Amino acid sequence: MSRSGADLALLLLGGFRSLADAATAELARRGHEDVRPVHDFAMRAIAAGADNASELGRRLSVSKQAAAKTVAVLQERGHVTREADPLDGRRKRLRVTPLGHEVLRQGEAIFDELREEWEQRIGPDALAALETHLTALVGSRPVRLDAPGLPLRDLDEPL
């Protein structure tokens, strides 16, 4: 049975959604019931250098206001802090807290567990083939949340 391109896109999105929802549910079972995928994306961006709401908004492709709301939630929950910039006392820089780093570590471990579940369901060879094919199609680098619309692979690389 041949599927449409839209069906393929929805299957890929469904795979992401399935993993993200399962990880969110497992984090909740482990005591982090308030963590959502956007919080993970934001903490990763902050840890990688997005030290203010404007920069976080650019990296997540959301407005500065949306980024500021996410920061407020993360700060309220103890996952990030705002600290004085040592070079500019008027400026506050975002930093992921030890609790935030622990949530990120637990999330990574959960995704490893979910990968193992997928491997058990379809077999190690099938999962390895899936990963190989996806890498061939989208490139070996992870999705870039900071630059939507940019190709994930070099344009000179064949599909």
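**Close-up 1. Valine 80 and the residues it touches.** Leaving aside residues up to four places away in sequence, Valine 80 touches Met43, Ile46, Val71, Leu74, Gln75, Arg95, Val96 and Thr97 (contact means heavy atoms within 4.5 Å). Keep in mind that this is a predicted model, where local features need pLDDT of at least 70, side-chain atom pairs count only at pLDDT 80 or more, and totals for chains, interfaces and linings use all residues. Residues are numbered from 1 along each chain as its sequence is written, and side-chain values use heavy atoms, with hydrogens and water left out.

**Close-up 2. The largest nonpolar core.** This core has 21 residues, and Met43, Ile46, Leu56 and Val80 touch the most other members. A nonpolar core is a set of buried Ala, Val, Leu, Ile, Met, Phe, Trp, Tyr and Cys residues joined through side-chain atoms within 4.5 Å; buried means under 20% relative accessible area (1.4 Å probe, protein chains only).

**Close-up 3. Where α3 meets α4.** The axes of helix α3 (residues 53-60) and helix α4 (residues 64-76) come within 8 Å and cross at roughly 110°. Axes are lines fitted to C-alpha atoms over the stretch in contact, with angles from 0 to 180 degrees between N-to-C directions; helices are DSSP runs (H or I, at least four residues) numbered from the N terminus. So α3 is roughly perpendicular to α4 (65 to 115 degrees). Ala53, Ser54, Leu56 and Gly57 of α3 meet Lys64, Ala67, Ala68 and Val71 of α4.

**Close-up 4. Helix α5 and its buried residues.** Gly100, Val103, Leu104, Gln106, Gly107, Ile110 and Leu114 are the buried residues of α5. They pack against α1, α2 and β2 (strands are DSSP runs of E, at least two residues). Just after α5, glycine 123 takes a positive phi of about 95°.

How values were computed
Parallel < 35°, antiparallel > 145°, perpendicular 65-115°, else oblique. Buried < 20%, exposed > 50% of the residue type's maximum accessible area, 1.4 Å probe, protein only.
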